[in-house]
Amino acid sequence: MAEHTDTTTTPRSGHPIEALLCSVLDDLKGLADVPTWSMDAETTTRVVALAARVAAGVAEVEARAIGQAGVLGLPAEGQYRDTARWVQRTTGVTRRTARGKVRLAEALGDLEPTRAATARGEIHAEQAQAIADQVALLDAELVSAHDQARAEAFLLNEATGGCDADALVGLGQAIWERLDPTGFEKREAKALEAQEARARAKTKLSMANAGDGLTHGRFTIPTAIADAFRKQLHALAAPKHVRAAQGAGAYDWKTPSAERMGHAFIEWIGGYDPTQLPKIGGLSATVVVIGDYEILQGKIKAATLETGTRISHTEYLRMACDAGIIPAWMNANGEVLALGRTCRFHTPAQRLAAIIEQRHCQHHSGCTVPGYLCHAHHQIPWAQGGGTDLRTTQLLCPYHHARAHDPSTDPMRT
């Protein structure tokens, strides 16, 4: 955590920037107990606007100082992985906020008119960042440095004229019209094509189990795809659909829209036809629920997904209502699922049984690759007379399966 000190006792170098900031902090301390109830409507409006301008000016000074920290090598000197971590430690802000401050510092370092306007409080820091982002999207192969300067001037003029950061982001077509009135359509199309390629390259999704029954995730996808996805979720979250699916009165207007969208996402996943998906490991992309038949008869007892996640009996019954029940009848003799020498490849039923029984890769190293991503391995090779029998079937991940068939790398092979 950063160390916070009283400005009146902070050592001062005499540099004008430092002196001004210390003076501002001292003056703000004097305002801490000044009541705002005495301000009328016009004064309140002006104070809010002035505070925003002051904040913009301070953000610009901070951005320049962060840039100077990089020049002096302070992050490296302190053995920080990057400048954002140094800012986080120095100021006590979150990692996310620190990254935003570093991005602004990098952006303003290349755009002098935008930096100066921010310093004067004419535009906000987020407007400055939006201008920098839009100028950066201009393909260097399509525009010259002069054109980039013209684009910055255009966006800066729009920002000072009242366009907020979101509006500036939407001015892509207007920029090209300004740069090339006669050929802007072709140039904009090429620029968008390059932008979409970059978006596809940066597409990602991550999920992490929080351990409390919730999984948190983040994704980055192209905006056009996000628009389509948002529209699909809106359809599932619409009052008419909710009432039709859950009955009259089911739609709660007081529920936050983010929560409604979350439930729509759940419905979207649950309603997707798994037969339309490619197979993984020889099976449809379906989660297998393992539970006793007694639960279907009313017994209160937990069930398990083939991934190892435990679920309540009520969730098990809910899933059972929306899916076919596939009984996994297994006995010590491997009857029904044991096909002997009649078939080389394991059937879906055999694979399901192996996943239920083994759960993950069975390599002796303790590999935990989930069963649905594993291969069904013949412990007695088919070429040596082994049968496709569940009793001699072992789940191995692709890596360990390849090694199992190479006696020089894995003694596990028989």
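1. Let's start at Arg359, a residue that is partly exposed, with a relative accessible area of 30%. Keep in mind as you look around that this is a predicted model. You will find Arg359 in the loop between helix H17 (348-358) and strand S6 (375-378). Its phi is near 70 degrees, a positive value in a residue other than glycine.

2. Now turn to Gln79, which also has a positive phi, about 60 degrees, although Gln79 is not a glycine. Gln79 sits in the loop between helix H3 (74-77) and helix H4 (83-91). Is Gln79 buried or exposed? At 74% relative accessibility, Gln79 counts as exposed, because the cut-off for exposed is over 50%.

3. On to charged pairs. Side chains of opposite charge can pair when their charged atoms come close. The count here comes to nine salt bridges.

4. Arg95 lies in helix H5 and Asp82 in the loop between H3 and H4, so the bridge joins parts that are 13 residues apart in sequence. Asp82 is partly exposed, at 27% relative accessible area.

5. Have a look at Glu122 and Arg120 as well, whose side chains meet in a salt bridge of 2.8 Å, N to O. Glu122 is partly exposed at 39% relative accessibility, and Arg120 is partly exposed at 47%.

6. Finally, find Glu60, Arg64, Glu112 and Arg115, which are linked in a network of salt bridges.

Key
Residues numbered from 1 in each chain as written. Predicted model: local features only at pLDDT ≥ 70, side-chain atom pairs only at ≥ 80, totals over all residues. Heavy atoms only, no water. Helix = DSSP H or I, 4+ residues; strand = E, 2+ residues; numbered from the N terminus. Buried < 20%, exposed > 50% of the residue type's maximum accessible area, 1.4 Å probe, protein only. Salt bridge = Lys/Arg side-chain N within 4 Å of Asp/Glu carboxyl O.
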